[in-house]
Amino acid sequence: MEALVCREIGDPTLPLSNSSPLLLSRSHPLPELNSPTAVRVRICATSLNFANYLQILGKYQEKHPLPFIPGSDYSGVVDSVGERVSKFRVGDRVCSMASLGSFAEMIVSDEKDLYLVPDGCDLVEAGALPVAFGTSHVALVHRAQLKAGQVLLVLGAAGGVGISAVQIGKVCGAVVIAVVRGSEKQKLLQSMGVDHVVDSNKENLIENVKQYLKKQKLRGVDVLYDPVGGRLMKDSMKLLNWGAQILVIGFASGEVPVIPANIALVKNWTVHGLYWGSYRTHQPKILEDSLMELLSWLSKGLITIHISHSYSLSEANLAFGAIQDRKAIGKVMIVLQKKSGPKSKL
Ligand SMILES: NC(=O)c1ccc[n+]([C@@H]2O[C@H](COP(=O)([O-])OP(=O)(O)OC[C@H]3O[C@@H](n4cnc5c(N)ncnc54)[C@H](OP(=O)(O)O)[C@@H]3O)[C@@H](O)[C@H]2O)c1
């Protein structure tokens with residue numbers, strides 16, 4: 001089968017060649033069913049997350065021995081099942097997330113980690129859902145318990161996790177303020193019904209949001225969703241209410257922010273560190289319930305998946321380029337089983 005192999009740590013945006021960190025293997029061994037409850041899935045689509053980019057650069061919190069096949073969330077069709085598999089049959093449409101291995105034609109998973117994609121849901125879109133929407137759902141619904149009428153501020157709001165956070169915020173009935181860079185991202189979020197969108201390229205975040213809150217007779221921000229860190233996060237703290245919650249999601253800016261404990265004390269803030277992938281080990285039921293709810297929301301049209309770029313496996317370096325250059329709006333996908341229709345590219 002075809003598989004993208006990371007054979008050394010380096011820049012994943014380099015064109016695939018004998019000297020690049022990523023190599024397209026065209027005769028990689030097929031993964032075998034490794035237990036009676038194992039399921040082999042023929043991958044239709046797999047998503048790029050910022051974490052996959054950091055992994056190949058060698059900057060992610062979890063380090064994997066080389067060589068490895070990168071990739072985490074994916075969708076596809078069941079190709080074969082172990083003798084004790086009870087939930088799935090060959091031909092079922094499924095989605096899931098792995099710690100590694102989805103940048104390939106086939107992957108093997110235990111049946112407990114697979115989710116049936118509801119009829120009517122697009123299979124490529126289902127492959128974009130688990131990590132991005134799963135992270136935002138666990139953060140906002142399970143951890144922050146976001147309520148209708150609360151003010152949610154989302155940084156990096158046009159990125160993979162950001163665009164899912166604004167949508168989940170709206171489903172919860174929150175007043176959602178989104179922070180993005182550039183007018184294209186701003187227009188898309190406005191068209192999605194976000195209450196207020198700030199273009200951080202043009203506007204002063206603090207002044208702009210304060211004016212909006214005053215106009216709406218709102219006191220401040222109740223929940224801050226932060227996948228960016230750095231300066232944006234530092235400024236955002238000036239907008240938080242007494243009793244606010246901070247969701248620490250990631251550091252796309254490359255700068256880990258400092259949250260002063262004395263101010264957290266005085267203002268009664270709660271800081272939630274959230275590592276979604278670790279729920280698989282520590283609280284798998286929460287993750288399972290969360291993904292089931294998200295798939296049901298997707299089938300009802302309560303949330304939508306935005307895919308700005310899709311590529312083939314052999315174009316993976318271009319896909320990583322879209323992430324690196326902050327061009328992604330929503331998700332960047334690698335599509336292995338072609339569907340009809342135009343392909344979007346940079
Ligand atoms: N905690 C968890 O379990 C978890 C799960 C998933 C993701 N994450 C983390 O969340 C972060 C975002 O992930 P993602 O997959 O949503 O990435 P993404 O799609 O690339 O989005 C990142 C967003 O951050 C903004 N950004 C600001 N400064 C940036 C910089 N210097 N470089 C790149 N982007 C920058 C960009 O928006 P503008 O250009 O509009 O500013 C971009 O849209 C990453 O740090 C990732 O590791 C954490």
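Predicted model: local features only at pLDDT ≥ 70, side-chain atom pairs only at ≥ 80, totals over all residues.
Is lysine 217 buried or exposed, and how many other C-beta atoms lie within 10 Å? I counted 6, so lysine 217 is exposed. My cut-offs: 20 or more other C-beta atoms within 10 Å of a residue's own is buried, 12 or fewer is exposed, and in between is partly exposed, with C-beta atoms placed from the backbone.

Residues are numbered from 1 along each chain as its sequence is written.

**Backbone entries**

I looked up where lysine 217 sits, and found it in the loop between α6 (205-215) and β11 (221-226). Helices (H or I, at least four residues) and strands (E, at least two) are DSSP runs, numbered from the N terminus. Lysine 217 has a positive phi of about 55 degrees, though it is not a glycine. Most residues other than glycine have a negative phi, and most peptide bonds are trans.

Next I checked arginine 326, whose phi is also positive, near 60 degrees. Arginine 326 lies in the loop between α11 (316-324) and β15 (331-335). It is partly exposed, with 15 other C-beta atoms within 10 Å.

Then I found a cis peptide bond between leucine 66 and proline 67, with omega about -10 degrees. Proline 67 is in the loop between α1 and β4 (73-81).

**Ligand entry**

I saw that 29 residues surround the ligand, Phe50 and Gly156 being among the closest; such a residue has its C-beta atom, placed from the backbone, within 6 Å. α4 gives the most to this shell, with three residues.
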